[in-house]
Amino acid sequence: MDQALLLVRNELPAPGLNLAARSGSCHQCLYQFLAFVPPSNESLRKPGTASVMVDTQHPLTLLLNSSVGDRDLCKIQYHFGEFGNYSLVVKTLSTSTQTVSCDLIINEGPINSYLPILFAFLVYMGILAILIAGRLLMKIDPVRNWIYKKLNPRATDRMINSELGSPSTDSINSDPTPQSWSTGSRQRLRSLDTFRGLSLVIMVFVNYGGGKYWFFKHESWNGLTVADLVFPWFVFIMGTSIALALGSMLRWGSSKWKVLRKIIWRSFVLILLGIIVVNPNYCLGPLSWDNLRIPGVLQRLGFTYLVVAALELLFTRADSGTWEGRFPALQDILPYWPQWIFILVLETIWLCLTFLLPVPDCPRGYLGPGGIGDFGKYPNCTGGAAGYIDRLILGEKHMYQHPSSGVTYQSTMPYDPEGILGTINSIVMAFLGLQAGKITLFYKDQPKQIMSRFIIWGIVMGVISAILTKCSKEEGFIPINKNLWSISYVTTMSCFAFILLLLIYYLVDFKKWWSGAPFLYPGMNSILVYIGHQVFANYFPFKWKMQDSQSHAEHLIQNLTATTLWVVISYILYRRRIFWKI
């Protein structure tokens, strides 16, 4: 999978050639030796050959040089196709000038490994079209009455006999929700659950493998893939929910001390679930403190929730009426200036530790992946200050042992993407989500104000990101980096989050063109779905033995099936009114 066969034919005489390669996704990396190509046998007129497997996920730069003297002969940049068969012919064009040519020939064309994605998209769009068509048909009285009669013949007969006429829309509603539930649901912003569910569904899909496509895996270091979007969105919407939930609890008469105890308990349970349930691999033996990973997704969520919820509890008010101040347009910001000062101090701490903390044998302010990056100058400096702090406080054995930088940059140091220093910026991310929640509270009867402020915040975050990154993947002041949870990563993800929440709010809560399904259901049972998909990841029907483990199509089918099953499970739980809350 994600490889092609390259046959190198060397028609040059002794001393032979060295073949090396560098991936286009590896920034400032050393060339990696692939093979020695022997010289041609002039007496037999037989070229020297060597065959290697090359990566097809990203463009490669191939470098051929003489094995003696290290003279570069040719350099070729090419994006190979999966399962393709290629030949690289090296020969002399002119004996007098010793001009060497390197010609790449396609012996057997590659397959299109992206067709399964297109097919899956069409299947899901077909299912969606059928559901929409069915919903529209149910609005036609004769069709609705006929279906209702077939499904409930006795009830229909009783209606006819009692001369009630044709059933009304309310009487045939397939949702057996009590009136009290539907009344409460109107007060709940469905767009928040939909946003959370969308993030969770993508998270489940990428955690299950994402069809083994590289863009459904985390970026090796700087940059973004689909997999890098979902966790910060989940943190963002958690912050939004904090604003709404705390205000609601205080309006219902709960004391701040009671709410604080609940916040501490929930944070403790999340951290405990992350350490004991999600992180361990019980297949490797009993749980042992010697090699137990301490950081993790739920641990970061728990600690982030604790800080942001406690911060909000200090300043939230039971009623969210209009603030009577000099600048009413800033009523969701100015009353909470101590919170902003706290967040700015936190961010200053992150910047100082990241750029000023001395790290042994590493340059100050280093943000690179180590390994073969930066031309191999700092192989043991993965993550700079962030990695150093984790290794110093947690110990190498209590960190993530297989970071995404290990494959591309061949880094050997343990590095945890949910480490201590990055948690500071996850708090900032949740606080920006909290700001979205305050907007919805202060302008609850003014949906256009809510949407306009979402747009403004999205633009502001986008401008900050553009400045920090210089609109570049690698050359900015602070590149976008999920492993580091850099501040540019937070502002970029917040920009996307505000715009996406705006779109969902417009469709679901403002225009009511979309119910939020199917993402609404996992969004209302997010903790259960997240923990369940982790615990049962290796069990049937979420995973089974494949006939061809080198097929993107089979991996995609398995991962989409598992993800869809969790959506179905969350829908069944929703219908039965089963919600796991901490």
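His-555 counts as buried, because its relative accessibility is 9%; buried means under 20% relative accessible area, exposed over 50%, and partly exposed in between (1.4 Å probe, protein chains only). This is a predicted model, in which local features need pLDDT of at least 70 and side-chain atom pairs count only at pLDDT 80 or more, while totals for chains, interfaces and linings use all residues. Residues are numbered from 1 along each chain as its sequence is written, and side-chain values use heavy atoms, with hydrogens and water left out.

His-555 lies in helix α17. Helices (H or I, at least four residues) and strands (E, at least two) are DSSP runs, numbered from the N terminus. Not counting residues up to four places away in sequence, His-555 touches Met-1, Gly-211, Lys-212, Met-546 and Ser-549. Contact here means heavy atoms within 4.5 Å.

Asn-559 sits in α17 too, which covers residues 552-575. An α-helix has 3.6 residues a turn, so residues three or four places apart point the same way. Asn-559 is buried, because its relative accessibility is 2%. Its side chain reaches the backbone nitrogen of Gly-211 at 2.7 Å. Leaving aside neighbours within four places in sequence, Asn-559 contacts Phe-205, Tyr-208, Gly-209, Gly-210, Gly-211 and Lys-212.

Met-524 occupies the loop between α15 (520-523) and α16 (526-535). Met-524 is buried, because its relative accessibility is 8%. Its C-alpha is separated by 8.1 Å from that of Ser-570, 46 residues apart along the chain.

Now the cores. A nonpolar core is a set of buried Ala, Val, Leu, Ile, Met, Phe, Trp, Tyr and Cys residues joined through side-chain atoms within 4.5 Å. The largest has 94 residues, and Phe-195, Phe-236, Leu-298, Leu-301, Phe-454, Leu-501 and Tyr-530 touch the most other members. Beyond its neighbours within four places in sequence, Phe-195 is in contact with Trp-233, Ile-237, Ala-497, Leu-500, Leu-501 and Ile-504. A second, separate core of 23 residues includes Leu-6, Val-37, Ala-50 and Leu-60.

Strand β1 (residues 3-10) runs antiparallel to β4, joined by eight bridges. Leu-5 has Met-53 as its bridge partner in β4.

Last, helix α12. Of its 23 residues, 22 are buried, so α12 is largely enclosed by the rest of the structure.

How values were computed:
Polar contact = N/O pair within 3.5 Å; in protein donor to acceptor, adjacent residues only side chain to side chain. Pairing = 2+ DSSP bridges.
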